[in-house]
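The points are grouped by topic for reference alongside the sequence and the coordinates.

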Amino acid sequence: MDIELSPEDIAFRDEVRAFLAANLPAKVKRGAASSPTVFVEPDIGQDWNAILQDKGWLSYQWPEEVGGTGWTPVQRYLFEKECALAGAPNLTVLGLKLVAPVIYSFGTPEQKAYYLPRILSGEDYWCQGFSEPGAGSDLASLKTQAVRDGDRYIVNGSKMWTTHAHWANKIFCLVRTDNEVRKQAGISFLLIDMDQPGISVRPILTLAGDHEVNQVFFEDVSVPVENLVGEEGQGWGIAKFLLENERGGSCHAPKLLYDLDTIAEAAADQPDGRGGKLADDRDWKRRLGKLKLRAQALEMIELKILAEIASGRAPGPQTSLTKMLASNLRQDVDLLAVDLYGAAGLELDRARPLYGDNAPAPLESPQSQVASARYLNSRAWTIFGGTNEVQATIIAKTVLGL
Ligand SMILES: Cc1cc2nc3c(=O)[nH]c(=O)nc-3n(C[C@H](O)[C@H](O)[C@H](O)COP(=O)(O)OP(=O)(O)OC[C@H]3O[C@@H](n4cnc5c(N)ncnc54)[C@H](O)[C@@H]3O)c2cc1C
């Protein structure tokens with residue numbers, strides 16, 4: 001499905017397409033295709049970030065006054081769509097799309113001048129310290145404490161499920177600075193250096209054996225007060241802004257459609273067990289067709305939200321709908337890939353990465369090798385960024401008025 005593009009948008013799309021054809025390295029593309037996790041490993045992600053930064057396109061979502069490209073919402077969507085169709089890796093969003101908007105919207109001039117260029121250069125690699133043991137869906141119950149001591153905060157507590165904390169040199173955290181007020185009003189937003197005494201990172205291996213998430217412990221960690229973003233007690237409002245950004249203006253459908261096309265192509269060579277090819281099997285075609293229709297419907301919704309954003313309206317609760325639809329679809333597409341490859345699709349290599357010179361040899365192909373790990377990893381889609389149940393509650397309350 002295509003939106004009706006203006007001649008300028010078509011020229012823009014063609015420019016992006018040509019750039020990707022000439023500049024997306026085979027190694028990066030191969031790395032993206034063989035990564036079971038949502039965020040690719042930093043060696044792949046940072047290489048791709050650097051190429052986009054050289055072109056001036058890395059900060060494409062930022063406002064022009066802080067170094068953005070000035071693209072329209074349609075152009076931003078086209079860029080993400082072309083990247084997905086070219087097989088480029090997902091960008092490392094934690095710095096670029098999560099903390100950067102917080103810094104340029106709520107930060108001091110000094111914070112903007114210091115942190116934003118370091119995100120673009122790759123000097124800083126960020127992780128997100130929101131969830132805690134006992135505070136995930138009910139985030140406002142978080143307990144990590146920051147106590148003011150002169151011009152420092154002393155931080156104690158722990159953060160849970162922290163993606164890529166083992167790679168990061170910075171963490172943005174929600175911390176409790178006041179226990180006497182309503183729980184949301186006692187939360188503040190702190191930027192913390194990971195490389196300092198008192199911080200330790202404990203790996204958590206996921207179902208497929210990936211080291212993607214961690215638990216992070218803080219023991220008397222000393223943080224300068226100038227690392228507070230906004231005012232003390234403003235952290236909850238900032239977190240809501242960040243989560244809306246995380247869910248809003250999404251572009252999930254192109255990647256899902258790309259993956260479905262890749263699966264459809266591979267089915268042309270895959271035996272159906274009765275002497276024919278899977279691609280000609282009626283049940284297979286029906287299953288693939290249904291998923292494709294769901295992905296196209298999702299793209300329609302994403303484009304509708306985009307049109308609303310372009311006309312100045314906030315994305316609103318539809319973003320919960322796209323998060324849910326995309327998460328369910330992602331899991332179904334990854335299951336289809338496992339089924340496509342039959343016995344080879346059940347291979348579960350626990351060595352990482354599955355690209356590069358030291359990668360284990362696949363039983364059948366690099367695509368079949370990653371299928372099971374992807375399927376297991378995508379169980380997390382209906383949990384991170386707000387679980388499906390939480391999204392359903394938002395939709396029930398704000399859209400259906402229940
Ligand atoms: C792979 C992965 C990466 C993550 N990365 C990060 C990260 O980088 N930084 C970070 O801060 N967090 C991260 N998270 C944490 C994620 O945001 C939380 O896991 C999520 O918010 C759910 O919280 P919880 O795990 O504590 O589950 P709970 O909140 O304990 O939920 C358990 C179950 O109860 C249900 N439930 C809870 N409350 C309600 C309710 N009110 N109504 C109906 N059902 C409810 C939930 O839907 C779920 O099924 C990550 C999680 C995963 C799986």
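Predicted model: local features only at pLDDT ≥ 70, side-chain atom pairs only at ≥ 80, totals over all residues.

**Backbone and local features**

Asp 220 is found in strand β7, which covers residues 211-224.

*Residues with positive phi, and a cis peptide*

- The phi angle of Asp 220 is near 50°, a positive value in a residue other than glycine.
- Asp 220 counts as exposed because it has 10 C-beta neighbours inside 10 Å.
- His 164 also has a positive phi, near 60°, and is likewise a residue other than glycine.
- His 164 sits in the loop between β3 (152-159) and β4 (170-176).
- With 21 other C-beta atoms within 10 Å, His 164 is buried, the threshold for that class being 20 or more.
- Gly 312 follows α9 and has a positive phi, near 95°.
- The peptide bond from Arg 352 to Pro 353 is cis, its omega being near -5°.
- Pro 353 belongs to the loop between α10 and α11 (366-377).

*Two further residues in context*

- Arg 148 lies in strand β2, residues 145-149.
- Arg 148 is partly exposed, because 13 other C-beta atoms lie within 10 Å.
- Between Arg 148 and Tyr 60 there are 88 residues of sequence separation and 37 Å in space, C-alpha to C-alpha.
- Ser 327 is placed in helix α10.
- Ser 327 counts as buried because it has 23 C-beta neighbours inside 10 Å.
- Leaving aside neighbours within four places in sequence, the contacts of Ser 327 are Trp 381, Thr 382 and Asn 388.
- Ser 327 and Gly 45 are 282 residues apart in sequence, and their C-alpha atoms are 22 Å apart in space.

- The buried residues of α8 are Ala 253, Pro 254, Lys 255, Leu 256, Leu 257, Asp 259, Leu 260, Ile 263 and Ala 267.
- The cover over the buried residues of α8 includes α4 (73-86), α9 (282-310) and α10 (318-340).
- Trp 284, Leu 288, Leu 291, Ala 295, Leu 298, Glu 299, Glu 302, Ile 305 and Leu 306 are buried in α9.
- An α-helix has 3.6 residues a turn, so residues three or four places apart point the same way.
- Among the elements that cover the buried residues of α9 are α4, α8 and α10.

*Nonpolar cores*

- The largest nonpolar core has 62 residues, of which Trp 126, Val 155, Ala 168, Ile 171, Leu 174, Leu 190 and Ile 192 touch the most other members.
- Helix α5 (residues 93-106) gives the most to this core, supplying six residues.
- Apart from this core lies another, of 26 residues, with Leu 256, Leu 260, Leu 291 and Tyr 341 among them.
- Leu 174 is in contact with Phe 130, Leu 142, Ile 187, Phe 189, Gly 235 and Ala 239, when its neighbours within four places in sequence are left aside.

*Domains*

- The protein is divided into domain 1 (7-91), domain 2 (126-233) and domain 3 (248-398).
- The centres of domain 1 and domain 2, taken over C-alpha atoms, are separated by 30 Å.
- Four residues from domain 1 and six residues from domain 2 make up the contact.
- On the side of domain 1 that touches domain 2, the residues divide into three nonpolar, one polar and no charged.

*Ligand site*

- The ligand is surrounded by 19 residues, and the closest are Phe 130, Gly 136, Ser 137, Thr 387 and Glu 389.
- By class, this shell has eight nonpolar, ten polar and one charged residues.
- Strand β1 (126-129) and helix α12 (388-398) each supply at least two residues of the shell.
- The ligand lies between domain 2 (126-233) and domain 3 (248-398), because both give residues to the shell around it.

Conventions: Residues numbered from 1 in each chain as written. Buried ≥ 20, exposed ≤ 12 C-beta atoms within 10 Å, placed from the backbone. Helix = DSSP H or I, 4+ residues; strand = E, 2+ residues; numbered from the N terminus. Contact = placed C-beta atoms within 7 Å. Near = placed C-beta within 6 Å. Nonpolar A, V, L, I, M, F, W, Y, C, P; charged D, E, K, R; others polar. Domains from an automatic or database assignment. Core = buried A, V, L, I, M, F, W, Y, C linked by C-beta atoms within 7 Å.
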